[in-house]
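Hi there,

Here is the structure I promised to pass on to you. Please open it beside this email and follow along as you read.

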Amino acid sequence: MRHCITPSDFTLKELDDLFDLAADIEKNPEKYAHACDGKKIATLFYEPSTRTRLSFEAAMMNLGGKALGFAGASQSSAAKGESVADTIRVVSCFADIAAIRHNKEGAALVASQFSDIPVINAGDGGHEHPTQTLLDMMTIRQLKGRLSNFTIGICGDLKFGRTVHSLVKTMARYEGVHFVFISPPELKVPDYIIDLLDEKGYTYEECIKLEDVITKLDLLYMTRVQRERFFNEEDYIRLKDFYVLTEKLMRSAKKDMYVLHPLPRVNEISVEVDKDPRAAYFKQVQYGVYVRMALILTLLGIRVD
Ligand code: NCD
């Protein structure tokens, strides 16, 4: 049985196949409308979510299946002290596949070890968020026509942002990607990610000011300061508005420098940027449904010819 706990659960060839499938789903949705008739996805969300949970549920419904689950740990037996291991064993009796989001790093991996059905990591604490990476990559591929030879700026909370960790680890598997990490010193990308880049000989730079580097970027990935992972509110308040991407800043960027953001946005992208044709963050949400449909089909081993 296959799970999706980290993007490295897939080879580059498998990732390519997944993106091809997602692109075909975008073009021919009716072909896939009954591929999962009679199947169910369980969405087990112990942490807040709008996009990710609804996107998984919409993906299964678009395939003809159904969705069940809970939104918030307080709505589940976790509030009574049940372990993730026991919950997933129970859920395995109700559903064919599960997507789990949890505040603890490693929770999805533990669930996969006790599950009788494929488990998808929909975010585990400040660690990883592989399906966000799949949709980020799909968006980049559709907009740029390639997944290699870029200078990508990643800006904001690089320490706690799980989408950043999964994205860097995945993009580093492609040729010629140069990373520009833009963050306040307190929110730098974790050492283990830097070590991984060093080990593999990838090029990267770290800096504090977005305006110093924006002109050279081919892509800019903005992120929210992850309030819920801070140890104290004062630090959050001091850092929360460190970056604001404005129309004025966008004027100094390349004409085809797309801006991505996993959302939710707080203040880090001014709403005036939304009308810029390079603002790709709402497109990402749409690609998220196609890629999750492709992932569900792949993990359930369903082929549509
Ligand atoms: C992200 C997450 O949950 O990590 N959101 C999402 O799934 N699109 C990013 C965030 O919350 O900042």
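Predicted model: local features only at pLDDT ≥ 70, side-chain atom pairs only at ≥ 80, totals over all residues.

Let's begin with a cysteine: Cys93 is exposed, with a relative accessible area of 66%. For all such labels, buried means under 20% relative accessible area, exposed means over 50%, and partly exposed is in between, with a 1.4 Å probe and protein chains only. Cys93 is in no disulfide, and the nearest cysteine sulfur, that of Cys36, is 20 Å away. A disulfide here is a pair of cysteine sulfur atoms within 2.5 Å. Cys207 is in no disulfide either, with the sulfur of Cys155 as its nearest cysteine sulfur at 8.2 Å.

Residues are numbered from 1 along each chain as its sequence is written, and side-chain values use heavy atoms, with hydrogens and water left out.

Now to the strands around E1. Helices (H or I, at least four residues) and strands (E, at least two) are DSSP runs, numbered from the N terminus. Strand E1 covers residues 40–45, and five of its six residues are buried. What does E1 pair with? Six bridges join E1 to strand E2 (residues 66–71), and the two run parallel. E1 also pairs with strand E3 (residues 97–102), again in the parallel sense, over five bridges. Two strands pair if DSSP finds at least two bridges between them.

E3 in turn pairs with strand E4 in the parallel sense, over four bridges, and the bridge partner of Ala98 in E4 is Val119. Strand E4 (residues 119–124) has six of its six residues buried, so it is largely enclosed by the rest of the structure.

E1, helix H2 (residues 51–62) and E2 make a right-handed β-α-β unit, and so do E3, helix H4 (residues 107–114) and E4. A crossover is right-handed if, with the strands pointing away from the viewer, the path from the first strand over the helix to the second runs clockwise.

Strand E8 (residues 219–222) pairs with E9 over three bridges, and Tyr221 stands opposite Leu260 in E9.

Next, helix H1 (residues 12–27). Its buried residues are Leu15, Leu18, Phe19, Ala22, Ala23, Asp24 and Ile25. They pack against helix H5 (130–144), H6 and helix H10 (281–300). Where is Leu134? Leu134 is found in helix H5, and Leu134 is buried, with a relative accessible area of 3%. Leaving aside neighbours within four places in sequence, Leu134 is in contact (heavy atoms within 4.5 Å) with Leu15, Leu18, Phe19, Val291 and Leu295. Leu134 and Phe19 are 115 residues apart in sequence, yet 8.1 Å apart in space, C-alpha to C-alpha.

Finally, some backbone details. The peptide bond from Leu263 to Pro264 is cis, with omega near 5°. Leu263 is found in the loop between E9 and H10, and Leu263 has a positive phi of about 65° although it is not a glycine. At 11% relative accessibility, Leu263 counts as buried. Asn149, in the loop between H5 and E5, has a positive phi too, near 55°. Asn149 is partly exposed, with a relative accessible area of 48%.

Happy exploring!
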